[in-house]
Structures are given as C-alpha cells and as structure tokens.
Amino acid sequence: YPACLGTADKSYTVPRIVAIGPYHHGLEHLKQAEKVKHVAACHCIGDVQLLEEMYEKFIPVADDARRFYDKDVIEGISYDDFRHMMFFDACFLVQYMAMRTSFTRRDIIDGSLQRFMRPNRSDIFHDVMLLENQLPWTVVEKVLSFMADDDPDGPWIPKKFVYKLRYY
C-alpha cells in the first residue's frame, strides 16, 4: 500500500472470508473458503480428467503471474504451491462472477457453491475489491478460456460482471 494507507483500518485491507492471491493466503479465518475453491475448480472445468489437462495448460500463465507480486511475499511460496493457489483462486473468482451475473439458466452455478457464495456475497465482494487481494487478469482469462470452449459466445462473464457492478 502507499504510505498514506499504511494506517488504514484492517477492514479496508484484510479479507473477511476469502483470500485471492498470495498476500493473505493461509490466514486462519479464511480457510473455509479454501475448500470451496476446489469445488469451484471442478465446476469451472467439468470433470477431473479435464481438470488435470487444463491445469497443465495453466502452469505457464501462473509462472508468469509470479512477477506481479512482491518478491518478499512470493519468496516463501514454492512454484507448485503458487500455481495451485492461482488456479483455485481464479476458478473461485470466475464462479463468483458467474453467480453475480446469472441471467439465464445456463449461467447458474453449482448448488454447493451457491450455498456458500450467496449468503456471503457481500463479504466476498468486499474481499474481491481489496487492493492486495487480486489476481493478474491473465490468470482469470486462462480459466475463462477453458470455459469458453463449451460456449460459442466466448467468455461472457467479465462483461456482465463489470456491467452489473460498475457503480460500486
């Protein structure tokens, strides 16, 4: 953060429910969401065999994303752990965007994800907007590209998400 934000209240700097990216990863009060991220990944991709295949294609994007984070934070995270974090965080974010932009039946996300995301949507939105709780867009785009294979209209989620939440 810039020096002027160094004394900001933690409610403006620390996620309430979900860590996105490495800065807050591993905080005790955010661990419940880690399990949900795995469900989100399975739902993003479809089946386990495809999940492994897509993950292999995801690795170069995750490796490139390391350069966007503070070296002191990244230093303690192995490449494998970082790749996993980026993948599962991106899948969670994509599923959250899908939930917030559901306009038709095909957009509806998995019921187990809804049971976590809908009641927590305000806290998740807060967390997604935090400066140090972000992912490089290339990581999110890669996950979206996996989903676009099934959708002839391509990755529709980001445009609808921005449109719907543009006034926040």
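A crossing of two helices is called left-handed if the near helix is turned anticlockwise from the far one by less than a right angle, and right-handed if clockwise. Keep that in mind for the views below. This is a predicted model, where local features need pLDDT of at least 70, side-chain atom pairs count only at pLDDT 80 or more, and totals for chains, interfaces and linings use all residues. Residues are numbered from 1 along each chain as its sequence is written, and side-chain values use heavy atoms, with hydrogens and water left out.

**View 1. Helix 4, residues 79-100, from end to end.** Helices here are DSSP runs of H or I with at least four residues, numbered from the N terminus. Helix 4 is mostly covered, with 18 of its 22 residues buried (under 20% relative accessible area; over 50% is exposed, in between is partly exposed, using a 1.4 Å probe and protein chains only).

**View 2. Helix 4 meets helix 6, residues 121-129.** The crossing of this pair is left-handed. On the helix 4 side, the contact (heavy atoms within 4.5 Å) is made by Phe92, Leu93, Tyr96, Met99 and Arg100, and helix 6 brings Arg121, Ile124, Phe125 and Val128.

**View 3. His84, a residue of helix 4.** His84 counts as partly exposed because its relative accessibility is 37%. Its C-alpha atom is separated by 9.7 Å from that of Phe58, 26 residues apart along the chain.

Terms used. Helix = DSSP H or I, 4+ residues; strand = E, 2+ residues; numbered from the N terminus. Expected span 1.5 Å × (residues − 1). Axes fitted to C-alpha atoms, helices over the stretch in contact; angles between N-to-C directions.
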